[in-house]
Amino acid sequence: MNSDKYHSSPTAGPLISIGPRVRKSPFFEATLRWGAKAFTVYNHMYMPTHYGNPVLEYWSLVRDVTLWDVSCQRQIVIRGPDARRFTELLTPRDLSNCPSHKCLYVVLTDDQGGIVNDAVLMHLRDDEFWLSPGDGDVILWAQGIASQCGLDVQVSEGDIYPLQIQGPKSPQVAYALFGQAALDLGYYDVIETELNGLKLVLSRTGWSGELGYELYLQDHQKGDELWETVMAAGEAFSIVPAAPNTIRSIEGGLFSYVSDIRREDNPFTLGLDRLVHLDKKAEFIGREALRRIKAEGNFRRLVGVEIEGDPISHNESFWDVLERGEKTGHVSRCAWSPRLERNIGWANLPATSTAAGTRLGVACPDGLREAVVVAAPWFPAEKIIPAGIGEGPALSANNEPEVSR
């Protein structure tokens, strides 16, 4: 079955206008030069969404290695003597045992227990944390709290622009660029380093479900230089430019804010109980609401579903889920998985409808289709770098970075 037509975005149709109201990333011109065909607006910045065929990008991601411009992940920098206390205030996750140069995945909650956003948190030093959130004006929320909480802290948007190197061959590319330091990084570790004089932060994180790294450039004028350096290092490993891949993120259970995660959802809805430490010593926003929600247990849940029938394109809006003719929920995101050769997705449903094997109806654009609740994710995130990668030469002995922890 040829499913490419279900995922290759058309060349005709709605276009996005380019103007000064929306920011370009430091890699914008490079993405155009390397064939970006479509963009979206994410955190007030243009982000590539495909380079011609998302299915081909998917196969490059799961088989080789890809480079993503994700400068739209605007970094919220929290600095000051009270930086840890303030960061603790934003999330129900206990940060007391988070050492410097470590990353954590966190949810940010409001006073009703709703999710303001999710983010990767980076602890760089005692008085400095970075938040890398999903699409949304988290900085305004954080600055509002900072202005009222009485803590000695400054909240700003940094001159910081991330690239992601993602795919099973990403460790080879990272080794070519950074030497052994890249292979020594544990999952969700972060270091400060340099590459050819460019000041970078390097973390072993990403949104692909595959092995990966994020390179945080701290000089917006050097975007072209960093992009071409990475592409040159990855040429031997079949690197291609790509965009965050909807198919792989659905397969791996990597949630998307506003789609899978909404303000009216709480962490328990998303199965993110592990990120909620109700008895942590530090104060945090939403503690009492989350205690009440957990005690009542009457919350919806996001579950994996498989939708029958021919390959479907990704959904442009929520699709209604029906039970006995009544709407009970919605499909948040879905796509045809080339590896599984079936339609998969995530659905927000009442707790009573979330047992594996539960039969549902989904109102797709071509009519009502049958669906079933299944165990998910289908392909969990890869975390372990295989042995033997560092046996080849690095890019250049002269480019061996100075690493400080």
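Modeller: Start at the pair where Arg333 stands opposite Trp346 in β17. This is a predicted model, so to speak: local features need pLDDT of at least 70, side-chain atom pairs count only at pLDDT 80 or more, and totals for chains, interfaces and linings use all residues. Residues are numbered from 1 along each chain as its sequence is written, and side-chain values use heavy atoms, leaving out hydrogens and water.

Strands here are DSSP runs of E, at least two residues, numbered from the N terminus, while helices are runs of H or I with at least four; two strands pair if DSSP finds at least two bridges between them. β16 and β17 make a hairpin with four residues between them, and Glu341 in the turn has a positive phi of about 55°.

β17 also pairs with β14 (residues 301-307), again antiparallel and over seven bridges. There, Val305 stands opposite Gly345. In general, strands of a sheet pair through backbone hydrogen bonds.

As for cover, seven of the eight residues of β17 are buried, so the strand is largely enclosed by the rest of the structure. Buried means under 20% relative accessible area, exposed over 50%, and partly exposed in between, with a 1.4 Å probe and protein chains only.
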